[in-house]
Amino acid sequence: MSRVTLVSICASAGLLVYILEMVRRRRLREEYSILWLFGSVVILVLSLKQDWLISLARAVGIAYPPSFLFLVGILFILLILINFSIAISRLHQMNKKMAQEIALMKRAEEEKNEAGQEPETRSVRSPS
Amino acid sequence: MHTPPEAVRVLVVIPAYREEKNIGAVVSAVRKHFPYDILVVNDGSPDNTSAAARAAGAAVLDLPCNLGIGGAVQTAFLYARDHGYGAVARIDGDGQHEPQDIGRVLDPILAGSADAAIGSRFLGETQYRGSIPRIFGIGFFRTLVNLFTGYRVTDPTSGFFAINRRLIEFYSNHYPSDYPEVDAYILMHRLKARAVEVPVRMHERWEGKSSITPFRAMYYMVKVTMSFIINCIRRFG
């Protein structure tokens with residue numbers, strides 16, 4: 001067993017355990033852990049099963065099999081980062097909606113108070 | 001003084017971020033010339049923008065954090081939608097837009113001849129002098145808008161406009177977060193909205209600094225161009 005395989009076995013096994021532990025302690029939500037778990041399992045399996053790694057590397061034309069591991073790792077990191085960008089965009093949208101709703105509610109409250117003081121009242125419909 | 005037709009209620013919307021020095025004068029000027037309700041959207045300013053606007057007699061929406069100009073203006077569209085306003089006129093809170101010219105952007109809306117009327121600083125008697133990069137940017141967006149939508153515009157980045165009920169309702173759901181003006185042309189094109197330009201006067205800022213830096217200007221060009229093209233192929237549910 002080459003040294004690089006040993007390193008990648010330890011690293012991916014360590015990562016797997018760490019992610020599982022974070023999910024167990026509710027520090028990481030399940031939906032954000034899936035890609036991490038899947039990625040570390042794939043790399044772990046490819047590190048353990050040398051002949052799979054070699055034939056996969058050969059199939060895509062990579063002469064040095066451990067390079068295929070790097071490729072898989074980088075692809076997973078890319079996927080995870082894209083997922084983050086999507087998650088951030090969603091949070092951004094939710095945050096915007098909430099800020100708008102808060103501003104509108106504060107104003108509705110003010111209008112209710114103003115209407116209470118003045119004889120002339122105006123109807124305030126809640127945002128749909 | 002303008003008096004609107006009975007049925008249509010008009011809301012003048014003034015987005016403001018860090019404009020404690022200008023906002024009072026802008027609100028007062030609008031009140032002096034028009035009988036319309038005035039709504040200032042304070043986009044999470046850390047200064048006294050909100051108090052200054054209230055002191056001048058405007059209703060104020062206070063956003064709890066800074067959303068950017070599009071998000072702020074959209075909040076006003078939501079307000080106008082829920083309160084049954086038939087038209088919204090929007091002007092800047094820094095004094096660059098001549099408040100008296102609100103009448104010019106509102107006229108086509110109140111007459112029912114357009115869904116949107118956009119104030120252009122390049123039509124009619126103009127005293128506007130922009131820097132060379134700014135003129136180039138405006139020329140670029142002019143071509144972009146014309147090419148993709150067919151609208152013939154002279155001032156595609158103008159934030160001085162009025163819209164009717166139909167666009168208020170649409171923008172309540174779909175409005176770009178930042179730099180919304182150019183994008184709005186695609187949205188209007190997709191809605192087959194009738195947009196016209198009218199001449200308005202724009203001035204130099206009264207107080208404080210503009211938010212445009214060279215880096216932001218670059219980002220602005222790239223971001224607007226991208227979201228413009230994306231909006232051409234996007235679905236609006």
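I began with the strands of chain B and found that E2 (residues 37-42) of chain B and E3(B) pair in the parallel sense over four bridges. The model I am reading is a predicted one.

I picked one bridge to look up: Val40(B) has Val60(B) in E3(B) as its bridge partner. I then followed the chain from E2(B) to E3(B) and passed through helix H2 (residues 49-55) of chain B on the way. I noted this β-α-β crossover as right-handed.

Next I turned to the contact between the chains. I counted 14 residues of chain B in contact with ten residues of chain A. On the chain B side, the elements that give two or more residues are strand E3 (59-62) and H3. I wrote down H3(B) as the source of the largest share, six residues. By type, I sorted the chain B side into eight nonpolar, four polar and two charged residues.

I then looked at how H3(B) packs inside its own chain. Helix H3 (residues 69-82) of chain B packs with helix H6 (residues 165-173) of chain B at an angle of about 130°, and their axes are 8 Å apart.

From H3(B) I have Gln74(B), Phe77(B), Leu78(B), Ala80(B) and Arg81(B), and from H6(B) I have Ile168(B), Glu169(B), Tyr171(B) and Ser172(B). I sorted the residues of this contact of H3(B) with H6(B) into five nonpolar, two polar and two charged.

Notes:
Residues numbered from 1 in each chain as written. Chains lettered and ligands numbered in written order. Predicted model: local features only at pLDDT ≥ 70, side-chain atom pairs only at ≥ 80, totals over all residues. Axes fitted to C-alpha atoms, helices over the stretch in contact; angles between N-to-C directions. Contact = placed C-beta atoms within 7 Å. Nonpolar A, V, L, I, M, F, W, Y, C, P; charged D, E, K, R; others polar. Pairing = 2+ DSSP bridges. Right-handed = clockwise from strand over helix to strand, strands pointing away.
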